[in-house]
Protein chains: 2
Amino acid sequence: MTFTEGIGLRRIDHVGIAVPDLDAALEWYEGALGGRAVHREVNEAQGVVEVMVAWPEGGAQVQLLAPLTPESTIAKFLGTRGPGLQQLAFTVADVEAAAAALRARGTRLLYEEAREGTAGSRINFVHPKDAGGVLVELVQPA
Amino acid sequence: MTFTEGIGLRRIDHVGIAVPDLDAALEWYEGALGGRAVHREVNEAQGVVEVMVAWPEGGAQVQLLAPLTPESTIAKFLGTRGPGLQQLAFTVADVEAAAAALRARGTRLLYEEAREGTAGSRINFVHPKDAGGVLVELVQPA
Ligand SMILES: [Co+2]
Ligand SMILES: [Co+2]
């Protein structure tokens, strides 16, 4: 194996789920699955309204993602794949360093430079075609 | 909201990813993403060979799932959806109690009774149609 150092991923940060109706989804994740909404945010640039849901023992969260506009990534995902698992996000110490390490091994990123994610984080995404069909997000917390 | 107690989910246990080639996937998750394979297992009943991948700070793991047979759930998933995110698993103290609580609110489970999952765990699944398109797994560790 050529790449023994990795790109500095520390842990799974969240699992993103595309939902058509944020409040209906939240009722399921809080009411049936016992999670708690810990953050709600509108990201106009991403065309998304989102809620982070946490569980009693902490750890990885669920990010519920609902579209603000028909042109948004989430609206397109809902249109082609339907509601469901949409992204897998990892916490990373330095998103630009991680992106550079991935590019050095020939892996494509979706953005030239990191953009603003949830709660002031800096994010980028690995191209799903270079990640076994998974939309992998890199999150450098604020 | 009617359901304030939830069903006893404690945290996200793992995220399952359908892969056509387990070793190629593992090279990506270990080599590029810096995870480590911590458990490998063949589950003949599920028709799957799987590897659990952990990250340096612990927390939720990735479960890579490759088909053993063309009739397996994972083979069918690969055939219709392609490789990618397949399931979201939560740790639960008592899988039968969680299943009963879900059934009491009209939510369907895939199995009548819990079956054997990874490393001697007991598992069941919420029907994706009752969980916003997500295949939610309940895991009671051994
Ligand atoms: Co995200
Ligand atoms: Co699983």
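Two strands count as paired if DSSP finds at least two bridges between them, strands being DSSP runs of E with at least two residues and helices runs of H or I with at least four, numbered from the N terminus. Before you click, note that this is a predicted model, where local features need pLDDT of at least 70, side-chain atom pairs count only at pLDDT 80 or more, and totals for chains, interfaces and linings use all residues. Residues are numbered from 1 along each chain as its sequence is written, chains are lettered from A in the order in which they are written, and side-chain values use heavy atoms, without hydrogens or water.

**Stop 1: the sheet of chain A.** Select strand 6 and strand 7 (residues 122–126) of chain A: they run antiparallel, joined by two bridges. Here A:R115 has A:I123 as its bridge partner. Zoom out to the open, mixed sheet of eight strands, in the order 2-3-4-1-5-8-7-6. Its edges are strand 2 (36–43) and strand 6 (115–116), each pairing on one side only.

**Stop 2: the interface.** Now show both chains; 44 residues from chain A and 44 residues from chain B take part in the contact (heavy atoms within 4.5 Å). About 3,800 Å² is buried between them, 65% of it from carbon and sulfur atoms; buried area is the accessible area (1.4 Å probe) lost on being put together, summed over both parts. Highlight B:W28, B:R81 and B:L85, which supply 17% of the area that chain B buries against chain A, more than any other three residues.

**Stop 3: a salt bridge.** Pick A:E57 and B:R11, whose closest N and O atoms are 3.2 Å apart in a salt bridge (a Lys or Arg side-chain nitrogen within 4 Å of an Asp or Glu carboxyl oxygen). The count between the two chains is four salt bridges.

Definitions and conventions:
Buried area is the accessible area (1.4 Å probe) that two parts lose on being put together, summed over both.
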